[in-house]
Amino acid sequence: MPTVTLPSKPDAPVAYELYQGDAESGLLVVCLNGLGLPQGVWKPTIELIQQSNLSPKPWILTYDRYGQGASPRDPRESWPNKDPGYAHTLDDVTDDLHELIQTLSPDRCSRIVFANNSIGAHVARRYADRYPTVVEGILFLDSNPGNINYASIWPNPKDPSFDLEKMTPPAPPSRYVKNNEGFNRRDIKNILPNLSKPKFKGSKTSDKGPWVTIISHELEQFSKEEWAMMKVPIGMVTMYTQPMWEKYNEGLYGLTDPDKAKGPLIVPKSGHFIQKDNPSFVAKQLEDIIRKVKRSR
């Protein structure tokens, strides 16, 4: 797998793949990973896009953030102001992404479509806010609710209204615990507290916001994953986790103009990692956004 050195971090090469499109295309599709799976999981979707009749075909970039997949640990881990295990913040990740795009694709850095899974949604939102008019489309795949502490959705046993009969196991720990990558998620709820704000700004060719499609997991498959990964009983996923997830994904609809938003769409037999479970569905929706971007110019 190729690597590239970012000018600001010469000793930490980033693993990436840049899938060539047609020379006349000025559009760059950037795939943003969640925490759980590295960049290789996007390959089946990308192959379907390359086999489609899109013309001209866009260029497509995948990469592993520092601390995941084939990329090394984040050099920031050794910085004195960093807490151990919290190597990079949302803004750090956004800075690295911008630098990566500028380094690898300077001729296609002004027209971007994001396809993002889970925590990648916050990276796409932050990038679109910090670099307005650049992002022309976003495909949200089971976006992780970043504006809430996951532990807060569970009933508090110290609350006078707490009823043990209405829930079985005790509340699980906060999801702001450390992760293998070192992604510091603690400040996301402060940077992006509102589901529908800041609203996306228009592109270089339109006063309206970018094309947005929101895709969500199927409850049954998601519940099985929650049990396998976190030992959350299926019934509790339905009672507590799912309503939070649905509210967040519905809120993303307001990030752009109503006539440019689509979803949330429920993907059959797909859990949280939709690009792994149903790449053909993802490819179809991504192709739809690319065609809309092309027609709107």
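Predicted model: local features only at pLDDT ≥ 70, side-chain atom pairs only at ≥ 80, totals over all residues.
Residues are numbered from 1 along each chain as its sequence is written, and side-chain values use heavy atoms, with hydrogens and water left out.

**The sheet**

Let us start with the strands. Helices (H or I, at least four residues) and strands (E, at least two) are DSSP runs, numbered from the N terminus. Two strands pair if DSSP finds at least two bridges between them. Here, 8 strands make up an open sheet with mixed pairing, in the order β1-β2-β4-β3-β5-β6-β7-β8. At its edges are β1 (3-6) and β8 (261-266), each of which pairs on one side only. On average, neighbouring strands of this sheet are turned by 25° against each other, direction ignored.

Looking at one pairing, β2 (residues 9-19) meets β4 (residues 59-63) in the antiparallel sense over 4 bridges. Glu17 has Thr62 in β4 as its bridge partner.

Helix α2 (residues 90-104) lies across β1, β2, β3 (28-32), β4 and β5 (112-117), and runs at about 115° to β1. For these angles, axes are lines fitted to C-alpha atoms, for helices over the stretch in contact (heavy atoms within 4.5 Å), and angles run from 0 to 180 degrees between N-to-C directions.

**The aromatic rings**

Rings of Phe, Tyr and Trp (its six-membered ring) pair if their centres lie within 6.5 Å; planes under 30 degrees apart count as stacked, over 60 as edge-to-face and the rest as tilted.

| Pair | Centre to centre | Between the planes | Class |
|---|---|---|---|
| Phe114 and Tyr127 | 5.4 Å | 80° | edge-to-face |
| Phe222 and Trp245 | 5.0 Å | 55° | tilted |

Phe114 sits in strand β5 and Tyr127 in helix α3 (residues 120-130), 13 residues apart. Both Phe114 and Tyr127 are buried, where buried means under 20% relative accessible area, exposed over 50%, and partly exposed in between (1.4 Å probe, protein chains only). Ring pairs also join Phe114, Tyr127 and Tyr131 into a cluster.

Phe222 belongs to helix α5 (residues 219-230) and Trp245 to helix α6 (residues 234-251), so their pair ties together parts 23 residues apart in sequence. Phe222 is buried, with a relative accessible area of 2%, and Trp245 is buried with a value of 2%.

Finally, Arg186 lies over the face of Tyr86, at 3.6 Å from the ring centre. A charge sits over a ring if NZ of Lys or CZ of Arg is within 6 Å of the ring centre and within 35 degrees of the ring normal.
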